[in-house]
Amino acid sequence: FFRFVSSLLACCSEMDLSSRRLIILGLGFRVTEAEFRAFFATYGPIEDATIMLDNATGLSRGFGFVTFQNPESASKVLSDHAASPLSIKGKAIDPQRAVPKSELMA
C-alpha cells in the first residue's frame, strides 16, 4: 500500500512539475541568469530558473529551464508567446512545455 501511495505521489508531483516547467530555446549566448530570471519573474513567482552553460566557455548553450510556482504563470508565458513572439535582449526565444526525460525515452 505504501509503495502505491508513494508512486502515486511521485506521479502527481511530476505531472504538477510538467505544468509549471518550461524549456526556453533560442537564448542568446550572453544572457545572464539574472536577466533570464528577471524576464520570467514578470509572469509570476519563480521556483527555479537555470541557463544551461557550456563547460568549456561558460557561455549559454542557447537554452534554459524555468519552473514557476504555479501553472498559470507558465501558461501565460506560452499564451503571450503565441500572441506575439517573445524575446530577451533582442533575440527571439521559443518557450515550450518541458517534457520529462522519462517521457522522451518511452
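Student: In which sense do strand 1 and strand 6 pair, and over how many bridges?

Tutor: In this predicted model, strand 6 covers residues 94-97. One of the bridge pairs sets I23 against Q96 in strand 6. Strand 1 and strand 6 pair in the antiparallel sense, and the number of bridges is 4.

Student: Which strand is joined to strand 1 by 5 bridges?

Tutor: Strand 1 spans residues 21-25, and its partner here runs antiparallel to it. The partner covers residues 60-68 and is strand 3.

Student: Is S60 buried or exposed?

Tutor: S60 is found in strand 3. Apart from neighbours within four places in sequence, S60 has contacts with L27, G28, F29, I51, M52 and L53. A residue counts as buried under 20% relative accessible area. Because the relative accessible area of S60 is 4%, S60 is buried.

Student: Which residue has its backbone nitrogen 2.8 Å from a polar atom of the side chain of S60?

Tutor: A polar contact requires N or O atoms within 3.5 Å. The distance of 2.8 Å runs from the side chain of S60 to a backbone nitrogen, that of G62.

Student: What pattern does the chain follow along the sequence?

Tutor: The chain holds 4 helices and 6 strands. Among contacts with a separation of 6 or more, 63% link residues 24 or more positions apart. Read along the sequence, the pattern is α-β-α-β-β-α-β-β-β-α.

How values were computed:
Residues are numbered from 1 along each chain as its sequence is written. This is a predicted model: local features need pLDDT of at least 70, side-chain atom pairs count only at pLDDT 80 or more; totals for chains, interfaces and linings use all residues. Side-chain values use heavy atoms; hydrogens and water are left out. Helices (H or I, at least four residues) and strands (E, at least two) are DSSP runs, numbered from the N terminus. Contact means heavy atoms within 4.5 Å. Two strands pair if DSSP finds at least two bridges between them. Buried means under 20% relative accessible area, exposed over 50%, partly exposed in between (1.4 Å probe, protein chains only). A polar contact is a pair of N or O atoms within 3.5 Å; within protein, one must be able to donate a hydrogen and the other to accept it, and residues adjacent in sequence count only if both atoms are side-chain atoms.
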